[in-house]
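Please look over the sequence and the model below before reading on. The paragraphs that follow start with the whole chain and then move to single residues.

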Amino acid sequence: MTKKYGLPYRGSKSRIAEKIIRVLPAADNLYDLFAGGCAISHCAIESGKWKAVYANDLQDAPQLFVDACGGTYKDERRWISR
């Protein structure tokens, strides 16, 4: 089973995130300019190839991803759908 990265998002790169990360060179920073559901950002963070990962998008999914990783929704009991 393939690991899932980021938030469920139409057009997600989760399925190909590991392949993309594998071919990118290591550096101090990675800028995910069209982050969408943050699949590339998530995979990049877990890879450890970069000291800092920056996610950008016109929508609010990158902030939602950061909030979820930070535990903002850990006690959430409501059903949340897309």
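With 82 residues, a compact globule would have a radius of gyration near 12 Å, and the protein chain has 13 Å, which agrees. Here the radius of gyration is taken over C-alpha atoms, and the globule rule is 2.2 Å times the number of residues to the power 0.38. The C-alpha trace spans about 40 × 25 × 25 Å along its principal axes.

This is a predicted model, in which local features need pLDDT of at least 70 and side-chain atom pairs count only at pLDDT 80 or more, while totals for chains, interfaces and linings use all residues. Residues are numbered from 1 along each chain as its sequence is written, and side-chain values use heavy atoms, with hydrogens and water left out.

The protein chain has three helices and two strands. Helices (H or I, at least four residues) and strands (E, at least two) are DSSP runs, numbered from the N terminus. Along the sequence they follow the pattern α-β-α-β-α.

Buried residues make up 26% of the 82 residues. Buried means under 20% relative accessible area, exposed means over 50%, and partly exposed lies in between (1.4 Å probe, protein chains only).

Contacts give another view of the fold. A contact means heavy atoms within 4.5 Å. Of the contacts with a separation of 6 or more, 48% are between residues 24 or more positions apart.

Which residues of helix H2 are buried? In this helix, residues 39-47, they are Ala39, Ile40, Ser41, His42, Cys43 and Ala44. Their cover includes helix H1 (17-23), strand S1 (27-32), strand S2 (50-55) and helix H3 (61-69).

Not counting residues up to four places away in sequence, Ser41 touches Asp32, Ala35, Val53 and Ala55. His42 also lies in H2. His42 counts as buried because its relative accessibility is 17%. Leaving aside neighbours within four places in sequence, His42 is in contact with Lys4, Tyr5, Gly6 and Phe65.

Next come two backbone angles. Cys38 is in the loop between S1 and H2. Cys38 has a positive phi of about 70° although it is not a glycine. With a relative accessibility of 1%, Cys38 counts as buried. Just after H2, Gly48 takes a positive phi of about 75°.

Lys3 and His42 are 39 residues apart in sequence and 11 Å apart in space, C-alpha to C-alpha. Not counting residues up to four places away in sequence, Lys3 touches Ser14, Glu18 and Glu46.

Ser12 is also in the segment before H1. At 34% relative accessibility, Ser12 counts as partly exposed. Ser12 and Ala39 are 27 residues apart along the chain, and their C-alpha atoms are separated by 6.8 Å.

Lys13 is partly exposed, with a relative accessible area of 29%. Not counting residues up to four places away in sequence, Lys13 touches Ile20, Phe34, Ala39 and Ile40. From Lys13 to Leu64 there are 51 residues in sequence and 17 Å in space, C-alpha to C-alpha.

What is the volume of the second largest pocket? The volume is about 230 Å³. On a 1 Å grid over the protein atoms alone, a pocket is an open set of points where a 1.4 Å probe fits, with protein on both sides within 12 Å along at least five of seven lines; lining residues have an atom within 4 Å of a point. Grid points are joined across faces, edges and corners, and a volume is the space filled by probe spheres set on the points.

This pocket is lined by Thr2, Lys3, Lys4, Tyr5, Gly6, Leu7, Pro8, Ser12, Ser14 and Arg15. By class, the lining has three nonpolar, four polar and three charged residues. Ala, Val, Leu, Ile, Met, Phe, Trp, Tyr, Cys and Pro count as nonpolar, Asp, Glu, Lys and Arg as charged, and the others, Gly among them, as polar.
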